[in-house]
Amino acid sequence: MNSEFTIAVHGLLYLGVREGRIAKSEDIAESVTTHPARVRKVLSVLRKHRYVTTKEGAHGGYMLSSNPRDVRLGDLYRLFAFGSFAPHWRSGDESSNCIVSSNIKEVMGTIYEDGERVVERYLDSITLEEVQMRLIEKEKHRMNRL
C-alpha cells in the first residue's frame, strides 16, 4: 500500500464529514498530517476522476462530489496503489544454477499477483460510507471512555 491511497481515503472522508462545505488543501493536510502539496497532488487525481470538485479563488477549495455509498476502496486502490502489493526489488538471478535463485522471481511474482487480486476483492467490498460508519462508531467508543 502507498501513502497516496491513504491520503485519498482520508481526504474523501474529511470532505464527506464537512457535508458540502469547501475545504482548503491546508485544512485537509492538517487532518492527514502531511504537506499540502502532497494532498493537492492526490486531490488532482480525485478531481480528474470526479470524486471531488474544486472552487477557484480566495474562498476556494475542494468539495466531495461523489456519494460515499458509491465509492469503493478498491477503485481508489486501483487509482493510487495498484501494483504496490509486490516489492519493487526481488531476489534471485534467472541465469543462476541454484534452483532457488533461478526460479524465485517468477514464483514469487505469481504469489504477489494472486495477493494483489485478493487485496482488490477485499477493498472492492468496502465503501467509503462503511468507513465513515466505522469512524463514527470508533468516535462513540472514544467519547464514552472520556
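**Reading a helix crossing**

Colleague: In this predicted model, at what angle do the axes of helix α1 and helix α4 cross, and within what distance do they come?

Modeller: Two packed helices are described by the angle between their axes and by the distance between those axes. Here the axes of helix α1 (residues 3–17) and helix α4 (residues 73–80) cross at roughly 140° and come within 9 Å.

Colleague: Is the crossing of α1 and α4 left-handed or right-handed?

Modeller: The crossing of α1 and α4 is right-handed.

Colleague: Which residues make the contact?

Modeller: From α1, the contact is made by Glu4, Phe5, Ala8, Val9 and Leu12. From α4, Leu73, Leu76, Tyr77 and Phe80 take part. Of the residues in this contact, 8 are nonpolar, 1 is charged and none is polar.

Colleague: How many helices and strands does the chain have, and in what order do the elements run?

Modeller: The chain has 6 helices and 2 strands. Read from the N terminus, the order of elements is α-α-α-β-β-α-α-α.

Colleague: Why is the chain described as more spread out than a compact globule?

Modeller: The globule rule gives 15 Å for 146 residues, and the chain's radius of gyration is 19 Å, well over that value, so the chain is more spread out than a compact globule. Along the principal axes, the C-alpha trace spans about 65 × 40 × 30 Å.

Colleague: What percentage of the residues in the chain is buried?

Modeller: Buried residues make up 34% of the 146 residues.

How values were computed. Residues numbered from 1 in each chain as written. Predicted model: local features only at pLDDT ≥ 70, side-chain atom pairs only at ≥ 80, totals over all residues. Heavy atoms only, no water. Axes fitted to C-alpha atoms, helices over the stretch in contact; angles between N-to-C directions. Helix = DSSP H or I, 4+ residues; strand = E, 2+ residues; numbered from the N terminus. Left-handed = near helix turned anticlockwise from the far one by under 90°. Contact = heavy atoms within 4.5 Å. Nonpolar A, V, L, I, M, F, W, Y, C, P; charged D, E, K, R; others polar. Rg over C-alpha atoms; globule rule 2.2 N^0.38 Å. Buried < 20%, exposed > 50% of the residue type's maximum accessible area, 1.4 Å probe, protein only.
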